[in-house]
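Student: I am new to this structure and would like a close look at a single part of it. Please take me through that part step by step.

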Amino acid sequence: MELFIELIRGVADGIVTLLQIAMLVRAVVSWFPGGEDSVIGFVAYTISEPVVIPVRKVLEKFESVRNFPIDMSFFVAFMLVSIMSSVFF
């Protein structure tokens, strides 16, 4: 049973690590014109967008965040994933 728990933990840690890498790639790709339309950009957005969308929906309720010139939802989502990774793994 302990081996099974370690296996599940390892798989979950791998998924979270993949998500963090995809989010970092997404951030870097967004700096380049047309980068979001590339294959790498598409894959990074496909992996990370399901995490960013719920955060964006919550943050849109706050006027100060809506008027901010940068997409704070991505930053907050990345921080939440990093905290989750630190706490659980």
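Student: Is R56 buried, partly exposed or exposed, and what is its relative accessibility? Please also describe the salt bridges around R56.

Tutor: The model shown is a predicted one. In it, R56 has a relative accessibility of 22%. Buried means under 20% and exposed means over 50%, so R56 counts as partly exposed.

R56 takes part in a salt bridge with E49, with N and O 2.9 Å apart. A salt bridge also forms between the side chains of R56 and D71, at 3.0 Å from N to O. This pair connects distant parts of the chain: R56 belongs to helix α2, while D71 sits in the loop between α3 (63–66) and α4 (72–88), and 15 residues separate them. D71 has 37% relative accessibility and therefore counts as partly exposed.

Now to the other partner of E49. R26 forms a salt bridge with E49, and their closest N and O atoms are 2.7 Å apart. Here too the pair links distant parts of the chain, with R26 in helix α1 and E49 in helix α2 (residues 39–59), 23 residues apart. R26 has a relative accessible area of 5%, so R26 is buried.

The structure as a whole holds four salt bridges.

Conventions: Residues numbered from 1 in each chain as written. Predicted model: local features only at pLDDT ≥ 70, side-chain atom pairs only at ≥ 80, totals over all residues. Heavy atoms only, no water. Helix = DSSP H or I, 4+ residues; strand = E, 2+ residues; numbered from the N terminus. Buried < 20%, exposed > 50% of the residue type's maximum accessible area, 1.4 Å probe, protein only.
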